[in-house]
Amino acid sequence: MSHGPYRLAQGGSGIDRDAPITFRYNGRRHTGYAGDTLASALLGNGERLIARSFKYHRPRGIYTIGSEEPGGLLTVGEGARQEPNRKAPTVTLHEGLSARSQNCWPSPRWDLMAVNGYLSALFVAGFYYKTFMRPASWWEPVYERFIRRAAGLGRLSTAPDPDSYLQADACCDVLVIGAGAAGLGAAQTAAASGARVMVVEERDWLGGQLSLAPGTVDDEPANRWIERQADALEAADNVQVLRSCVAFGLYDHGVVGLVETLAPESVDGQARARYWRLAAEQIIFATGALEQPLAFAGNDLPGVMLAHAVCGYAYRFGVAAGHQVVVVGSDDAGIGNALHLHQLGVSVAAVVDARHAGESALHESITAAGIPLHAGCLPVRAHGHAKVKALRIAPRQSEASLSDQTHSIRCDAVAVAGGWQPALHLQCHLGGRPAYDPDRDIFLPPALPPGHHHAGACGGFAGVEAAVESGRAAGSAAAVACGKSSMDSQTAVAPAADATPWGPASAWRVIAAPKGGKRFIDLQHDVTIEDIELAYREGYRSVEHLKRYTTLGMGTDQGKIANMLGLHALGMTAGVSPGEAGTTTFRPSYVPIPLGAIAGSHRGADFRPSRIAPAQRCHVEAGGRMITAGAWHRAEAYPHADETIADAVTREAGHVRRRVGIVDVSTLGKIALIGPDAAEVVNRLYVNGMKTLPPGKARYGVMLREDGLVLDDGTVARLAETRYLLTTTTAHAASVLVHIEYLLETAWPELQATVASVSDHWATFAIAGPNSREVLAALFPDEDVSNEAIPFLAVREVTYAGQPMLIMRNSYSGERAYEVYVPADYGEAMWRRALEVGKPHGLAPYGTEAMGVLRIEKGHVAGPELDGRVTTDDIGLGRMTARRKPCVGNTLRDRPGLQDPDRPRLVGLTAIDPNAPLESGALLAEPGVEGVDGLLGHVTSVCYSPACEGKIGLGLLRHGDDRHGEVIEARDPLAGVVIPIRVGPSVFVDPDGSRLHD
Amino acid sequence: MRIHCPYCGPRSHAEFTYGGDARRERPADSNPDTTWWSDHVFLRDNPRGEHQEYWQHTHGCRVWLRVTRDTATHEIGAVAIAADSSDARDNEDRQ
Amino acid sequence: MRYSFWNLAREALRGHRHWQRAWRDADPAKHYDVVIVGGGGHGLATAYYLAANHDVGRIAVIEKGWLGGGNTGRNTTIVRSNYMLGNNTDFYEWGLKLWEGLSQDLNFNVMLSQRGQFNLCHSVAQMNAARRRGNVMRAHGIDAELLDAKAVASALPHLDYRETARFPIYGALYQGRAGTARHDAVAWGYARAADQLGVDIIQNCEVTGYSFEGERVTGVHTSRGHIGAGRVGIAVAGNTGRLAGMAGLRLPIESHLLQAFVTESVKPCLDYVVGFGASHFYISQSDKGGLVFGGDLDGYNSYAQRGNLPLVEDVIESGVALMPWLSRARLLRHWGGVMDMTLDGSPIIAPTPVDGLYINGGWCYGGFKATPASGWCFAHLLAEGQAHPLIEDFNLERFADGRVLDEKGVGPTAWAH
C-alpha cells in the first residue's frame, strides 16, 4: 500500500512502508513514512508548489535533495518552537510535524505579493539605490517601512526558546567530514590504524551520493557496502560516528565546529542539539560535490529539479517527482538518471542531450528502453504557471547557437543535470581562495596547512571507485601523520584525477532565451541573467561587487547552486573564463545553524557564572535586597518590612555612625604576595611609598597604570618581612592579579616573588562604628583588641576555633572599623556569630548602598571617580604621591596633559536644596554661562547623607581646589533640571579623622 | 586557536589572556625619559606576519608565555616561558 | 544618468540598457595634486568632499583591491553620535548631520534608517555613566534620553525581563536619530559622486612605497607604476600601520580582528538598534531581514579577517541572554575585518611628521558611522594643510602629551577599547 499520488508502488531504500507517519502541511493532514524527509513526503503527496521566492514571489517547489535547497523553504513547528526557513529536504519527518508555507499570503497558490513579479522590470537588482530618495521625508515612514515589510522570508517567534541544548569539547586523531563513498573509505583505513577517529555526516543516514542511486562498490550493491562499512565503524571502539551532524566551520589549528541534531524538539529533558568544539590532529574532507542547475527560461518553476535529486527521491524514498519526467543533460552521468528512473518505475517522457546522437553509448540504451531521445538539443523554456507543464527545446545549430525550430515536450517535472562542482566551502574558511581548473571546469579547494586532506569529489576525484580509493589513501595518510602505522597497503598514491569536464560548457549552462522568459541564477533571491548583465553594465564587475549589488548567493542556501552558474554568466558577459571572472571566498557557517545550539545552556540565569559570598544565605534570610555587582550577588540593603530601599539605606548608614554595623566585603580582590623581593615588588607596584611599611601594619595604596593614570586602589598589609596581603577593588581583582604576574614574569624576572589569588580563600567582613571595638572583643574573646594592641592600620594574624584569621584595622566608612578575614568555609558561621555576639552592642548588617553613603561622606574615591581617566592629583591624592620613586607609571605621570592645571579636580558638593534631585552624571557648570562653554566637570557620586541631612556628592570640577565655598550648578538636561550646588572639601564628616585613631 | 602550554599541553586560546607585543623593550621604572617610556607604552610595530607576543595561561597554570605567531595566518611557531626567555637584563641597561 | 524614480521607471520599459557605469575604471595618470590611498568609505568620502568643497586640482583614489571591499563592506552598519569626550561629541554629530542629507547629496540611496538605538544599562553605576554621556550629548545639542526599565520594555517588549535574567535591565540611554545605513551603498555612492566630479578611482593598484624629494613625499610607488602626488593621504584602516611604516613611521595602532554575524532573513522582528550593557553586544535587523550583530574583538593582533570559536560563542551567548527568542534564529554567516585599534580608542586624522603625508585612521571598530565626517574633515586637512577645529584632538601628539580621548577608560591596551 502506498500513500500519496506520487508514491511509487515499490522501492524506497530509505523508508519503512510499515511505519506510516502523519504530519500537517498548511493545515492539511498528510501521511508519509519513517525515513522520509519533509520534502520526500510532500512530493509523495503531490505538494509541488510550497513557497514563494524572496523578491518576486514566484512559485517555488523543491529543487534539490539536500541543504543546498534554494526555494523549498517552510516554517516548521508551532508557537515558541516555530522555526522559519527550514529547507524541506533537511527536515526529518516525525509524527505530528507541522509545517506551513511562508512569505506568501493567503497561500502559496494565491499570493497577493505575486504582484511584485509583474513589477519585476522595476524591481531589478539594486533598484532601491536609484529611488526612494524624494521626498526625503517619505523615506522612513513610507518607503523604508514598505521595504522592510516586504523583506524577510519566514517569521520568528518572539517567545523565549523552550528547548535545551548541549555542548561538548572533544579531540580526536582523525576527523572525517562526510560519510559518502570517500568518507567511508577514509574512515575504514584510519580506523584500522588504531587512530581515534570521528566521522561526521550531515544527513541522518550514511552513504551520501551512493545512497541516492543504484550502483555498486567493488562489485557489491552500494547499499550493502554502505551497511557493512557502517556496521564495522559502529563496532570499532576507536571510532565515533555522528549522524545528523554538520561540520559548520573550519577554524585555526584543526578546530572544527559541529552541530549535531538530536531531536526535532527537546522533550522530557532531552536536548534538541549538541554543539561540538572539536580539535582534530588530522582532518579529511570528504564533502562530495554539488550538482549544478542550468539557466534557461522558466528554470525556476516548481517541477524543475536537479537530476540526481529526482533520481534520489525515486530510489531512496520511492517518490516520483512527476508522472512525466524529462531528463536534461549533456554527459553520461546526467542522462544516466533517465535509465535509473525508468528502472525504478518513474515514467520518463524524454531525454534531452546537448550532445549529438551517437556521441554517447547511453543513447542506445535510452532508445531501447522506449524513451524518446532528443539529441543535440538544449532546453529554451519551461512552460507553466504554478508548475511545469511543458519543456520547449531547440536543436543546436553550432556550439552555442540555436535553431528557431523549437519543439515542446509535455511534462510535469524536468530533471536538470548541469554538472557537478566540488563542495569546498569548509576548506575555504581559513581564507584561501579556490583554484579554477579549466580542464574540468571546476573550482578546487585551496592549499591548506599540513594536516588537512581531501578525498573523493571535493578533491577532484570523479566516480565511485576514485572516491573510495582516494578516501582510503587519505585515511592512511592521516593515520601515518598521527604516528599510527597504516595496516592498509593503500598508503599508495591516490588515483590521478582525469581531465574530463565535470559539466557543460558555458553556452550549455547559460542558455539563450529566444522565446523570452526569465533565466534564474539564484532561485531564492530571484537573481536573473539580466541582473548580472545589468550589474556588469553599471560597472559592478568584480565578483564581490556583483554579489553585493545583485545579492546573488546571499540567501539561506548561500549560493551553493547559484555561485557557479553566476560565474559562468559573468564570464560570458565579460568574455572571460569562469575562473578569470573571479571567485568568492566562503565563510562559516556551511549551513545555517541554530544560535541556541552555540549558546547552549549559557542563557537566562546561567548566561554568566554567579559568584556568591560565603555568607550569602544569611543576607537573603535577613531580607537583603540582592543585586548583581559584576559577577557577584550582593545585598544593597536590608530593608525592614515596610521600608523603602532609600529609607533603609539612610537608616543603615546612620546606624553605623551612631552605633555599629557589619558589611560583607568578601568580594574584594585579595592577593598574597610572598618572596625575598616582595617588599621591592610592592614598592614598585604602588605609587605611594611602601618601603617604610613595617610588618604588622597596613597602608592605603594606589596603583598606576604604565601610562601614569590610576589603575586601582586598595590596601597593602605587611603580614611579615616577606609576606604581604594586597586588596583590590572588586571590579579589578582579576586584572590587577594579571598585571602583577605580567610584571613579575616579563619586566622583573630578576625579582624573587610569587603572587597568588586568595580572593576565594577569605570571607571578609567590615565591622564599623563607635561600638566596633566592643563587637570585636566579643568576637575574639581571647585577643587583646585594645587601641594599643590594635592601633589604626594594624594587621594581626589571630586564631579562633583553630582557624587562622586576620584582623585589619582600616576604615572605608570613616568610623573606627575592623576588617575581619575568615577562611571562606567558616564565613557563614562567623557572620552568624558576629551578629549574635554583636547584638547587645547594637550590631546590624548594612549593605553596599549604605557603604556607599559612608564613603561619600568621607570623600573616599571609588569606581565612579576612578574611571580610568584620572591621575592621583585629580582625585586629591597629590600629597600622598608627591615623593617620586621608581614605580609603575612614574615617568608618564609627568606628561604635560596630566599636569595641566585645567584638569578637573575632586571636590565635595552640597545641594543647596537638601532634597534636590541631584544624580551622578549631572554636569557641573558655571551659572549664567550657557551651553558647552559653561561646562566645568561632572558629578561622580551622590547620596542622601544622614550626617549632613541632605543631598551631597563628589565631583570633578575644573579649578575645583580654588572654588571651595562657591555656588555653581549641576545641569541634568536628561531630567530637565538645574540644581544649585555649593563646592567644598570632599570630606564631609570628621575631617580630622579623629574617629579613626581612638 | 590552540596554544601549546609547556606545562599543560595544547589548549584553546580561550584559556589564555593576551598580553600583546613581546618585542617591545620596557625601560626601567626608574628611567625618567618620557619619550622612551611614551614610545614603549604607545607605539607599535604591528607587523603583518611573524609577531612575538605574550599570552598568559590564566585558566590553567597561569604562566606567562612568549609565543611566536603569524598575524596573517595565525600559524603558531615557538612557545617559550616568558620569565626564562626574558634576558635577565639588569635594570641599569635600560636606564 | 541621474537616479530617480522616473528614470528607473523609464528604464524599466527600455530593458535597463541605458544605465551608465557607476564609476570609471580609471587608469593612473602621472601626477595628481592629491592622492588618497584607500578606496573604502573614508577614502572615497574624502575624495568626494575634496572635489566638492575644495579647489585642489586633480584627485585620485588608489585602492589595492576592489573599492569598498575592506571594512566598509564588512561592518554592522550602525550610525550614531553618542560620544562623550573632547572632539568626539561634535565630530560624530556633524557626521550624523551629513548622513541625514547624504542620499540626496550623492543621488544614491544609502538607506539611512534613523530607527533609534538603545544602549542598555544593568546597574546603577551603568545608569550613572549613561546619564553623564547623555547629559554631555544634550549639552552639545544632540538628542538623547535616559529611559527607565518600564520605558525600555514598552519599546522592546521581547528582551529578557524575567526574574531569571542574569543581568536585569535597569534602563537605557536612547538616541532616536541613531540607526543603520547600507554599507555598500555608502562606498558606491561616494565613488559615483566623486567620479562624476572628476576624481580618478584606480582599483587593483597596491601602494608599495613612497617617493621622496629630500624629506618630502612626492608620490607613491604602486603595482601599476609610480604616481606623483602633491599631497598623500592614507585612509586604509587595518593597514594604517603598514602604510605608515613604509615612510618609517611607527604609530599607536594595533591591527585587531573583529567578527560580525548575520542570521537568515526573517520577517521584521526588531525595530531598533540594541546595545547590551552586560557584555559587549549589539544587534539590529537589516532591511533585507537578517539580524546583524556583533560584539568584542577576538583579542589578539590579526590581519586574517577571520576569527575563532570562543568569540563566536561569547557573542551568541550574549545575544540569547538579551533576547531569548534569538535562540531559534539561525546563523547564516560570520566574517571578520581588520580594525585599526589605537591605544586610546579614538581616531587619528592628522598630518604626520613626514612632510606631505597625512593620516586618517585609528577608527577601531567604529569607523562606519564616521564615514561622512571623516571624509569631510580629512578633505579639509588635505586641502588646507591643517586640522579643522572639529578634529584638533585627533592628532598624533596626544599620546606623548597625555591628552588622549579614552571613552572607555581602559588605558593603553589596544584590544580593550
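Visitor: Among contacts in chain A between residues at least 6 apart in sequence, what percentage join residues at least 24 apart?
Guide: Please note that this is a predicted model. The count for chain A takes contacts between residues at least 6 apart in sequence, and the share of them that join residues at least 24 apart is 66%.

Visitor: How many of the 998 residues of chain A, as a percentage, count as buried?
Guide: The C-alpha atoms of chain A fill a box of roughly 115 × 75 × 55 Å along the principal axes. Its accessible surface comes to about 35,500 Å², with 52% belonging to carbon and sulfur atoms. A residue counts as buried under 20% relative accessible area. Of the 998 residues of chain A, the buried share is 62%.

Visitor: How far apart do the centres of the positive and negative side chains of chain A lie?
Guide: Chain A has 93 positive and 110 negative side chains. The distance between the centres of the two sets is 4 Å.

Visitor: Why is strand S48 of chain A described as largely enclosed by the rest of the structure?
Guide: Strand S48 of chain A covers residues 935-945. It pairs antiparallel with S47(A) over three bridges and antiparallel with S49(A) over eight bridges. S48(A) is largely enclosed because the buried residues among its 11 number nine.

Visitor: Which residue in the turn between S48(A) and S49(A) has a positive phi?
Guide: Within this pair of strands, A:Cys943 has A:Ile952 in S49(A) as its bridge partner. S48(A) and S49(A) form a hairpin with four residues between them. The turn residue with a positive phi, about 55 degrees, is A:Glu949.

Visitor: Which residue takes a positive phi in the hairpin of S42(A) and S43(A)?
Guide: Strands S42 (residues 795-800) and S43 (residues 803-808) of chain A pair in the antiparallel sense over six bridges. A:Tyr800 stands opposite A:Gln803 in S43(A). Two residues lie between the strands, and the one with a positive phi near 50 degrees is A:Ala801.

Visitor: What is the bridge partner of A:Leu806 in S44(A)?
Guide: S43(A) is joined to strand S44 (residues 817-823) of chain A by three bridges, and the two run antiparallel. In S44(A), the partner of A:Leu806 is A:Tyr821.

Visitor: Which strand do the buried residues of H3(A) pack against?
Guide: Helix H3 of chain A spans residues 139-150, and its buried residues include A:Trp139, A:Tyr143, A:Ile147 and A:Ala150. An α-helix has 3.6 residues a turn, so residues three or four places apart point the same way. The buried residues of H3(A) pack against a strand of chain C, namely S14 (281-285).

Visitor: How does the radius of gyration of chain C, with its 417 residues, stand beside the value of the globule rule?
Guide: Chain C contains 11 helices and 18 strands. The globule rule gives 22 Å for 417 residues, and chain C is as compact as a globular protein of that length because its radius of gyration is close to that value, at 21 Å.

Visitor: Which strands stand at the edges of the open sheet of nine strands?
Guide: The sheet has mixed pairing and the order S31(A)-S16(C)-S12(C)-S15(C)-S14(C)-S13(C)-S4(C)-S6(C)-S5(C). Each edge strand has a single partner strand, so one side of each is left without a neighbour in the sheet. The edge strands are S31 (593-594) of chain A and S5 (145-148) of chain C.

Visitor: Which residue in S16(C) does C:Val262 stand opposite?
Guide: Strands S12 (residues 253-265) and S16 (residues 330-342) of chain C run antiparallel and are joined by 11 bridges. In S16(C), the residue opposite C:Val262 is C:Arg333.

Visitor: Is C:Asn301 buried or exposed?
Guide: C:Asn301 is found in strand S15 (residues 290-301) of chain C. Not counting residues up to four places away in sequence, C:Asn301 touches several residues, among them B:Tyr18, B:His51, B:Arg69 and C:Glu254. The cut-off for burial is under 20% relative accessible area. At 3% relative accessibility, C:Asn301 counts as buried.

Conventions: Residues numbered from 1 in each chain as written. Chains lettered and ligands numbered in written order. Predicted model: local features only at pLDDT ≥ 70, side-chain atom pairs only at ≥ 80, totals over all residues. Heavy atoms only, no water. Rg over C-alpha atoms; globule rule 2.2 N^0.38 Å. Pairing = 2+ DSSP bridges. Buried < 20%, exposed > 50% of the residue type's maximum accessible area, 1.4 Å probe, protein only. Contact = heavy atoms within 4.5 Å. Areas by Shrake-Rupley, 256 points an atom, 1.4 Å probe, with all protein chains shown as cover. Lys, Arg positive; Asp, Glu negative; His and termini not counted. Charge placed at Lys NZ, Arg CZ, Asp CG, Glu CD.
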